[in-house]
Protein chains: 2
Amino acid sequence: MVAPVTDSIRTDNTLALIRSLRAHGAMARVDLAAVNQLSSATVTSISGELLERGVIVERPLSTQHLGHRGRPKTLIALDPDAACVITVKLSINEVRFTIGNFCGELHYSDTQTVDTLALTAEALIELLIQHIDGLSRRLAATCGPVASICLAVQGIVSPVRGSIVWSPAFALRNVDIVSPLRARFACPVQLDNDANCISAAITRHPDYMDIPNLAVIMLGYGVGMAIMIDGKPYLGAHGSSAEFGHTKYESNGALCACGKRGCIEAYISDYALYRDAHTLLPLPTGDSAHPSEEQMQALVRLAENGNPVARQIFDKAGHVLGTGIANVLALFNPDQVLITGSGVRAYEQLKPSLDQALNDALVEELIGQTRLAIYGWDHDMTCMGAIQLALKAADHRLVQADRPSALPLS
Amino acid sequence: MVAPVTDSIRTDNTLALIRSLRAHGAMARVDLAAVNQLSSATVTSISGELLERGVIVERPLSTQHLGHRGRPKTLIALDPDAACVITVKLSINEVRFTIGNFCGELHYSDTQTVDTLALTAEALIELLIQHIDGLSRRLAATCGPVASICLAVQGIVSPVRGSIVWSPAFALRNVDIVSPLRARFACPVQLDNDANCISAAITRHPDYMDIPNLAVIMLGYGVGMAIMIDGKPYLGAHGSSAEFGHTKYESNGALCACGKRGCIEAYISDYALYRDAHTLLPLPTGDSAHPSEEQMQALVRLAENGNPVARQIFDKAGHVLGTGIANVLALFNPDQVLITGSGVRAYEQLKPSLDQALNDALVEELIGQTRLAIYGWDHDMTCMGAIQLALKAADHRLVQADRPSALPLS
DNA sequence: GGTATTTAATTTATCACATGAATTAAATAA
DNA sequence: TTATTTAATTCATGTGATAAATTAAATACC
């Protein structure tokens, strides 16, 4: 048999069509051809194949597309039930499961409260297997087969080895979490940093879809970052790149959760802000090492109301963040820097000293045309991004296999 | 005519063969097939085309390849005279021209002493045009046609716009230097940062050829860096990425040549080291703002002989460099960091505090398996790398055109 | 209402190109 | 001298994208 040389072309084009449909929703074949720089003959051929395999469906033409001259467009769209994916977000004291359909929509979610810091590796893996298995069984009827699983974890992870290297949510270190799941479930299983998931969600936004070099900074309990290079997430040599939170503000500075000193996370993360604030200010009592949203908002309100100590804490944080962003600009020079995460609640308090620090740090030529903006935070963003990443893996499978294979469940 | 769909495959494969031949020297067709994952039928086809067009030549089989059974290999190699490229290295008070042959070998070089800081844009461009024109004329007989020109400049350049944004060698700012040359010479003209050129030279070294994510730090009069991502130089949004020298060590720190304070360049570049040293130590007099190699070596010798002030200066520099490298590791997590440039002369003096700073700054998990090494410095490295970059542009042209086009010279 | 026009989608013929298999080439081993 | 081994070439084949031609389905115009 002739080897599949040009096969990769067909595969690439098929994936491109699927991704266009997922990004834009239902589209006509002509438009798919234009967007993907293909001839309409090729689109017809590929979409015919996908229709036959049940990956896409033809939409009855809606009246809004009429009114022009000429033959009306017939839209095609992904079949939402062609496959589904399961995502798991592991954060401190919480494990969140979601199911996404083939269009990338959230189909189901539930959250479990778990004492994550007390978990052994075996217990964690057992918990995941049990719950994923249960979800698969219950939902096999309504959704398509489970085509992919994506785990999102805050901290340092190695997507390549499939292991959690270090996470604030666990006492565990270097846990291979992917292999056991892969052995149990016959579908791609991937592990990703939560910031990478969020950037996957953000790059679905039309405003940021076509920005090739993008840095997404995530402020929250910790500080994360994801870097997109040429439209692709950059994972570094061993999967743990973009640890923005652990770049240095000063040697021998404030103590960081990682155990070292002077990391910018030690100045701008929730735990750092509250650590500095709670002894000096009238704030809600509670676990000050893991401040709740209410506690953080109380702190922000103090600053908004002009409390000088609170103002000073955010001034310092803005300065540290600006200096850190300056380093990102100098080293990566992205088109756009986005700041998101629950920490954006204090952005107005941070902004003046942040801008000042950035301008003090870098000559105009190095700031260049890089834009800086905030991106509204939503606690489902991580999961939505994880669904995107899981679907990307599912697509590959779906396209390369002659027909989508179901998940054997026991 | 049918559009060139699969054309790109042929082009890619042809480029791959040319690059294999340039990297490894003469090779047999079978080996080219194995290295590039192609069938030997394809290699025969492509090499036949290249032979016909005079891009490659068949080598008489050397006796060393005999002795085995079977039909002996017939080696093919790039014709060194298939084309040549001109490179120009612009540095302070010096303009260096080189000619490289199609194999990437240095064929000719000359250096002009020029008061670069006094040059106007017009004078600079005129100087370049005159000299390149002269070179082309004189060498048209011995070399092939000039297929590409590459300019290497220290400082912030925009390869995309083809302009020098900021350079310590010039008083000029934002000079479009590529357009006039492109208008004058009918061949690709590109502009690159000198650190990017050096990384192009280093990635020809067998030890570093297959490292996908590589950071090359260049210590010298200034501090530069080049980042290779997935084997490709990363240029950032506007071409001026990897300004490692202007990442921050501390707010309101030492004054940097860029005008800002606290850049790591302001602690570890030649001018910074000598600035701190020359008032306190018995050092050769001369332009202390632009110390010569002799001056710098005198300073290093003092440290080697145990002079405490000199030792302290290098200790501090090592600490700053280590902290800076920590940020590169945290953000970028490359497989390998290489330190090169004339500044490696003091590496032994820097190393202890550098290692200390790196270990103080980052947890083991973030240092990961990234290796740190020095790469011996050679003042022709920039030019050799520029030749590589110029050839890359020339290859594209050579492959896409039906036949190589000569450079119309007047 | 019938015809022309316009745009979308499909079909068909064509061409480029990588490949496996078969063949030829050129050496050594027996 | 013949068999064996390895390299290179030739040839038939299949894949796949495309332009051009064709068909489909609407609106515009008279």
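Two residues are in contact if their C-beta atoms, placed from the backbone, lie within 7 Å. Keep that in mind as we work through this predicted model, in which local features need pLDDT of at least 70, side-chain atom pairs count only at pLDDT 80 or more, and totals for chains, interfaces and linings use all residues. Residues are numbered from 1 along each chain as its sequence is written, while chains are lettered from A and ligands numbered from 1 in the order in which they are written.

**Exercise 1. The two copies**

Work out which rotation superposes chain B on chain A, and through what surface the copies meet.

Step 1. Superpose by least squares on the C-alpha atoms of residues with pLDDT of at least 70 in both copies. A rotation of 180° with 0.1 Å of shift along its axis brings chain B onto chain A, with an RMSD of 0.2 Å. That is the relation of a two-fold axis.

Step 2. Look along the axis: Glu250(B) comes closest to it of the residues of chain B, its C-alpha lying at 3.2 Å.

Step 3. Compare the two sides. Because 100% of the interface residues of chain B are also interface residues in chain A, the copies meet through the same surface.

Step 4. Take the contact apart. Chain B gives 42 residues and chain A gives 42 residues. On the side of chain B that touches chain A, α11(B) has the largest share, seven residues. By class, this side has 19 nonpolar (Ala, Val, Leu, Ile, Met, Phe, Trp, Tyr, Cys and Pro), seven charged (Asp, Glu, Lys and Arg) and 16 polar residues (the others, Gly among them).

**Exercise 2. Helix α12(B)**

Find where α12(B) bends, and what its buried residues pack against.

Step 1. Helices are DSSP runs (H or I, at least four residues), numbered from the N terminus.

Step 2. Locate the bend, which is the angle between axes fitted to the seven residues ending at a residue and the seven starting there. α12(B) bends by about 30° at Ser353(B).

Step 3. List the buried residues (20 or more other C-beta atoms, placed from the backbone, within 10 Å of their own). Among them in α12(B) are Leu350(B), Ser353(B), Leu354(B) and Leu358(B).

Step 4. Find the neighbours: the buried residues of α12(B) pack against α10 (293-304), α11 (308-332) and α13 (364-367) of chain B.

Key:
Helices (H or I, at least four residues) and strands (E, at least two) are DSSP runs, numbered from the N terminus. A residue is buried if 20 or more other C-beta atoms lie within 10 Å of its own, exposed if 12 or fewer, and partly exposed in between; C-beta atoms are placed from the backbone.
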